[in-house]
Amino acid sequence: MKRWTRDEMARRVAADIPDGAYVNLGIGLPTLVANHIPPDREVVLHSENGVLGMGPAPAAGEEDYDLINAGKQPVTLRPGGCYFHHADSFGMMRGGHLDVCVLGAFQVAANGDLANWHTGAPDAIPAVGGAMDLAIGAKKTYVMMEHLTKSGESKLVPRCTYPLTGVACVSRVYTDLAVIDLTPDGARVIDRVEGLSFDELQTLTAIPLLRA
């Protein structure tokens with residue numbers, strides 16, 4: 001089955017971020033979005049460890065490990081960018097000053113509930129970070145994740161079985177198979193990978209889907 005690559009997913013997310021938006025990119029897949037912001041679009045990227053105005057990843061050999069994102073990856077800083085106290089960064093997140101956050105997830109429920117910090121397994125290491133603050137504080141929460149688990153189960157579920165990060169907070173999900181809006185009327189497919197039919201996508205998804 002054809003799937004979007006991680007960079008193709010990131011490019012698809014970046015295409016939907018409006019000019020002038022203040023955006024937080026979560027740890028993992030979402031960090032790739034920084035490399036695909038259209039050059040004619042001004043998007044101000046925020047990192048919860050206290051960076052505003054991030055650019056794409058640095059070229060090999062030009063990394064500065066004093067300038068990193070929340071995932072400890074080296075980043076670049078655009079002209080006018082800055083870094084500041086962790087508490088001020090969380091004040092931005094909790095105060096509703098971010099237009100969009102892009103987060104990874106273990107599960108997303110049909111109503112927009114998000115589970116992305118713990119699988120509930122006894123040996124799993126919890127890693128919530130600032131996800132709870134972002135999921136509720138940002139004006140829009142997007143999720144980037146693979147459509148299926150390694151065992152082939154849908155990550156879009158009727159109800160999350162993992163501990164929740166946020167309730168009814170996710171408005172759009174980007175997977176390696178489709179882009180799906182979670183609306184009051186249901187989960188609406190607005191894009192899908194070339195060659196994948198709507199019916200095939202529905203077979204792989206544990207919640208009812210609506211056509212665009």
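Three strands form an open sheet of mixed pairing in the order β7-β6-β9, where strands are DSSP runs of E with at least two residues, numbered from the N terminus, and two strands pair if DSSP finds at least two bridges between them. This is a predicted model, in which local features need pLDDT of at least 70, side-chain atom pairs count only at pLDDT 80 or more, and totals for chains, interfaces and linings use all residues. Residues are numbered from 1 along each chain as its sequence is written, and side-chain values use heavy atoms, with hydrogens and water left out.

- Strand β6 (residues 107–109) pairs with β9 in the parallel sense over 2 bridges.
- Ala-109 stands opposite Val-157 in β9.

**Sheet of 10 strands**
- An open sheet of 10 strands has the order β4-β3-β2-β1-β5-β8-β10-β11-β12-β13, and its pairing is mixed.
- Its edges are β4 (77–83) and β13 (209–210), each with a single partner strand, so one side of each is left without a neighbour in the sheet.
- Strands β1 (residues 22–25) and β2 (residues 44–47) run parallel and are joined by 3 bridges.
- The bridge partner of Asn-24 in β2 is His-46.

- Helix α1 (residues 6–15) lies across β5 (100–103), β8 (140–144), β10 (170–174), β11 (178–183) and β12 (186–192), and runs at about 165° to β8; helices are DSSP runs of H or I with at least four residues.
- Axes are lines fitted to C-alpha atoms, for helices over the stretch in contact, with angles from 0 to 180 degrees between N-to-C directions; contact means heavy atoms within 4.5 Å.
- The model has 10 salt bridges, each a side-chain nitrogen of Lys or Arg within 4 Å of a carboxyl oxygen of Asp or Glu.
- Glu-146 forms a salt bridge with Arg-6, with the closest N and O atoms 3.9 Å apart.
- Glu-146 lies in the loop between β8 and β9 (156–157) and Arg-6 in helix α1, so this pair ties together parts 140 residues apart in sequence.

**Largest pocket**
- The largest pocket holds about 570 Å³ of space; a pocket is an open set of points on a 1 Å grid over the protein atoms alone, where a 1.4 Å probe fits, with protein on both sides within 12 Å along at least five of seven lines.
- Its volume is the space filled by probe spheres set on the points, which are joined across faces, edges and corners.
- Of its 24 lining residues, Ile-27, Gly-28, Gly-104, Ala-105 and Asn-116 lie nearest the centre; lining residues have an atom within 4 Å of a point.
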